[in-house]
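Me: Can you go through the side-chain links in this one with me? I'd like cut-offs along with the numbers.

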Amino acid sequence: MLKALRVLSVSSMFIFSFGFHFGPVFAETVPAFKFYKEETSPKSSFAKAKDPLSTSGEKVQMFKLDPTKCVNGDCNANSARAQMHEDVYTGRSKGKSGQPKEAWYSWEIYIPPDFPYGSKQARGGLQFTEFKHTNHCASVNLVHTSGYDDDDLYWRVTKYTGASPDLVAEECKLVRQTRVARLRDLVGRWTKFELFVRWSREGDGKMQLFVDGRKKVDFDGATCLEDCEKFNPFYYGIYLSNAPSRKLIDDTYVLFKNVDRAASREELAVNKN
């Protein structure tokens, strides 16, 4: 499946660190917005590829789901991933993290026409983006439950309960979810996502998600169910978790471009083209 798209190698310098502009929403001066490879992602899971819908040879990021390779805890959890995460570790004084109180995020994702979803993929949580502030559960994620006869894509909020990792549904309690798309409608094209989030454990939190310009999520209230206001980095890529067996995971890939964080919607990379 991966051979269908020509892949170009890329240096670790490009993959692990690249900068984006963001505006005056932050109280302190923070260096250029960066992403780093997730520590539990195999190095071979990242590449640059030609945009399959571009005639100008534009290069985009490729994230490969390879069930034959795993790192650290993913091996025991029958999981596979290729993810980048937001740098919230540098640039703030007195050891504080660089997580903004509120911000706009954007990303565009290309899902190939033969992408295995639903019953064509191993059962598990197949996610494309997430915010995560613990080593256990995503606080919010864009996820499809694979292994069943459906193609629903959800924006899901979960809470870590402290239960055994062997009991995934109990460890990561589902609090709220909204279906934002059907995967059958997203394959073979680029889909634009824009997100505004204000992190708060009080009633002044807010979350809005737009898919191709259409508002799909509009929530006011507590957006942090735990202490996530200062440390809750954004992840993107592809991650299939807790499959019955790694041997059942079908290898595949997704492409990303225009991943950004900004002070306003107008400043996002997806709205500057």
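**Disulfides and other side-chain links**

Reply: Cys137 and Cys172 are both buried, where buried means under 20% relative accessible area, exposed over 50% and partly exposed in between, with a 1.4 Å probe and protein chains only. The model is predicted, so local features need pLDDT of at least 70 and side-chain atom pairs count only at pLDDT 80 or more, while totals for chains, interfaces and linings use all residues. Residues are numbered from 1 along each chain as its sequence is written, and side-chain values use heavy atoms, with hydrogens and water left out.

Me: What joins Cys137 to Cys172?

Reply: A disulfide, with an S to S distance of 2.0 Å. The cut-off for a disulfide is a pair of cysteine sulfur atoms within 2.5 Å. Cys137 sits in the loop between strand E7 (124-132) and strand E8 (138-146), and Cys172 in strand E10 (residues 172-182), so the link ties together parts 35 residues apart in sequence. Strands (E, at least two residues) and helices (H or I, at least four) are DSSP runs, numbered from the N terminus.

Me: Left-handed or right-handed, the link of Cys137 and Cys172?

Reply: Left-handed, with -85 degrees about the S-S bond.

Me: How many disulfides does a search of the whole structure find?

Reply: The search finds 2 disulfides. Besides the link of Cys137 and Cys172, there is one that joins Cys70 to Cys75, S to S 2.1 Å. The torsion about the S-S bond of Cys70 and Cys75 is about 110 degrees, so that disulfide is right-handed.

Me: And how accessible is Cys70, and what about Cys75?

Reply: Cys70 is partly exposed, at a relative accessible area of 28%. Cys75 is partly exposed as well, at 29% relative accessibility.

Me: Switching to rings. How many aromatic pairs?

Reply: The whole structure has 15 aromatic pairs. Rings of Phe, Tyr and Trp (its six-membered ring) pair if their centres lie within 6.5 Å; planes under 30 degrees apart count as stacked, over 60 as edge-to-face and the rest as tilted. One of the pairs is Phe46 with Phe63, edge-to-face at 5.6 Å centre to centre and 70 degrees between the planes. Phe46 is in strand E3 (residues 46-50) and Phe63 in strand E4 (residues 59-65), so this pair ties together parts 17 residues apart in sequence. Phe46 and Phe63 are buried.

Me: What about Tyr105 and Phe234?

Reply: Their ring centres are 5.3 Å apart and the planes are at 40 degrees, so the pair of Tyr105 and Phe234 is tilted. The pair links distant parts of the chain, with Tyr105 in strand E6 (residues 102-110) and Phe234 in strand E14 (residues 234-241), 129 residues apart. Tyr105 and Phe234 are both buried.

Me: Which residues do ring pairs link into a cluster?

Reply: The cluster consists of Phe46, Phe63, Tyr105, Trp107, Phe131, Phe193, Trp199, Phe234, Tyr236 and Phe256.

Me: OK, charges. How many salt bridges?

Reply: The count comes to 13 salt bridges. The rule is a side-chain nitrogen of Lys or Arg within 4 Å of a carboxyl oxygen of Asp or Glu. Among them is Arg261 with Glu86, whose closest N and O atoms are 2.1 Å apart. Arg261 is in strand E15 (residues 252-262) and Glu86 in strand E5 (residues 80-86), distant parts of the chain 175 residues apart. Both Arg261 and Glu86 are buried.

Me: And Asp151, what does it pair with?

Reply: Asp151 forms a salt bridge with Arg184, with 2.6 Å between the closest N and O atoms. Asp151 lies in the loop between E8 and E9 and Arg184 in the loop between E10 and strand E11 (190-198), so parts 33 residues apart in sequence are tied together. Asp151 is buried at 1% relative accessibility, whereas Arg184 is partly exposed at 49%.

Me: Where is Arg156, and which side chain of opposite charge is nearest?

Reply: Arg156 is in strand E9 (residues 152-160). It is buried yet has no salt bridge, and the nearest side chain of opposite charge is Asp152, 8.1 Å away. For charge, Lys and Arg count as positive and Asp and Glu as negative, with His and the chain ends not counted.
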